[in-house]
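Notebook, opened with the coordinates loaded. I go through the model one topic at a time and write down what I looked up.

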Amino acid sequence: MIITRRAFTTMLSLTGLAALAGLSPLRLVSEAMAQSAADVAKPVSLPDMALGPNDAAVTITEYASMTCPHCAAFNEQVFPRIKKEYIDTGKVRYIFREFPLDIKAAAGSMLSRCIAKDDAPKYFAVTDMLFRQQNDWVMKNTTETLTRIGKQAGLTQQQVEACLKDQALLDKIAADQKYASDVLKVDSTPTFFINGEKIKGDTSFEEFAKKINPLLKS
């Protein structure tokens, strides 16, 4: 599905983001086909936010939407174990990429990028906070809650507003999402790639370990 300018504007007014976000189409597309590890490794418009060494034997790339409850559950229940066992020990490089399923998710991703700038650990910390407070800012007044979170992270109200109006940033998120959809065939969240192998949906730590451990030995 591609959101048209008219539909996008209507969504903004319904979510309370009309005064802040830009009016360019946000593309939400879905299809399927094979992909290579090289395709997954390629950042498109935005620099990758990653934890772990560049030369790690295993690279995990996650595509997530900030409004996705399954993504929030993974962030709370599974990711901390992956971080402790594999990322902090230098065995895995972990990349997080935005795949917003709606305008609120796009706004959350934009705020994470604006707060963190190029600081990956800070980006993961802000993203973690947004996932943990998902019910607050998704279900209630989105603009007010995102503004409060931005202020807690050190931004002024003016900086939050400028961030959510940043058309260039929104366009880059949309372009990267289109690449993930068209080339990598991502069509739902969360979707993971472990050295190029796709895993979709709820995945336990044990399932990740079964995929990761043989790659560390080879």
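Predicted model: local features only at pLDDT ≥ 70, side-chain atom pairs only at ≥ 80, totals over all residues.

**Helix 10.** I checked the length of helix 10 (residues 167-182) first: at 1.5 Å a residue its 16 residues should span 22 Å, and the end C-alpha atoms are 22 Å apart, which agrees. The expected span is 1.5 Å times one less than the number of residues. Helices (H or I, at least four residues) and strands (E, at least two) are DSSP runs, numbered from the N terminus.

Residues are numbered from 1 along each chain as its sequence is written, and side-chain values use heavy atoms, with hydrogens and water left out.

At the start of helix 10, I found a side-chain oxygen of Asp 166 within 3.2 Å of the backbone nitrogen of Ala 168. The buried residues of helix 10 include Leu 169, Leu 170, Ile 173, Asp 176 and Tyr 179. Buried means under 20% relative accessible area, exposed over 50%, and partly exposed in between (1.4 Å probe, protein chains only).

Lys 185 lies in the loop between helix 10 and strand 4. Lys 185 has a positive phi of about 60° although it is not a glycine, and it is buried, with a relative accessible area of 7%. Pro 190 has its place in that loop too, and a cis peptide bond with omega of about -5° joins Thr 189 to Pro 190. I flagged both entries because most residues other than glycine have a negative phi, and most peptide bonds are trans.

**Strand 4.** Which residues cover the two faces of strand 4 (residues 191-194)? Thr 191 and Phe 193 lie on one side, Phe 192 and Ile 194 on the other, and all are buried. Strand 4 pairs with strand 2 (residues 58-64) in the antiparallel sense over four bridges; two strands pair if DSSP finds at least two bridges between them. Ile 194 is the bridge partner of Ile 60. Strand 5 (residues 197-200) also runs antiparallel to strand 4, joined by four bridges, and in strand 5 Lys 200 stands opposite Thr 191. The hairpin of strand 4 and strand 5 has two residues between the strands, and Asn 195 there takes a positive phi near 50°.

**Cores.** The largest nonpolar core has 52 residues; Ile 60, Phe 74, Ile 82, Tyr 94, Phe 124 and Phe 208 have the most contacts inside it. Helix 5 (residues 103-116) gives this core its largest share, nine residues. Apart from it lies another core of eight residues, among them Tyr 179, Ala 180, Val 186 and Phe 193. A nonpolar core is a set of buried Ala, Val, Leu, Ile, Met, Phe, Trp, Tyr and Cys residues joined through side-chain atoms within 4.5 Å. Not counting residues up to four places away in sequence, Phe 208 touches Ile 60, Phe 192 and Ile 194, among others. Contact means heavy atoms within 4.5 Å.

**Trp 137.** Is Trp 137 buried or exposed? Trp 137, in helix 7 (residues 134-139), is buried, with a relative accessible area of 0%. Leaving aside neighbours within four places in sequence, its contacts include Met 66, Lys 104, Gly 108, Leu 130 and Ile 149.

**Whole chain.** I counted eleven helices and five strands in the chain. Buried residues make up 50% of its 218 residues.

Note on methods: Polar contact = N/O pair within 3.5 Å; in protein donor to acceptor, adjacent residues only side chain to side chain.
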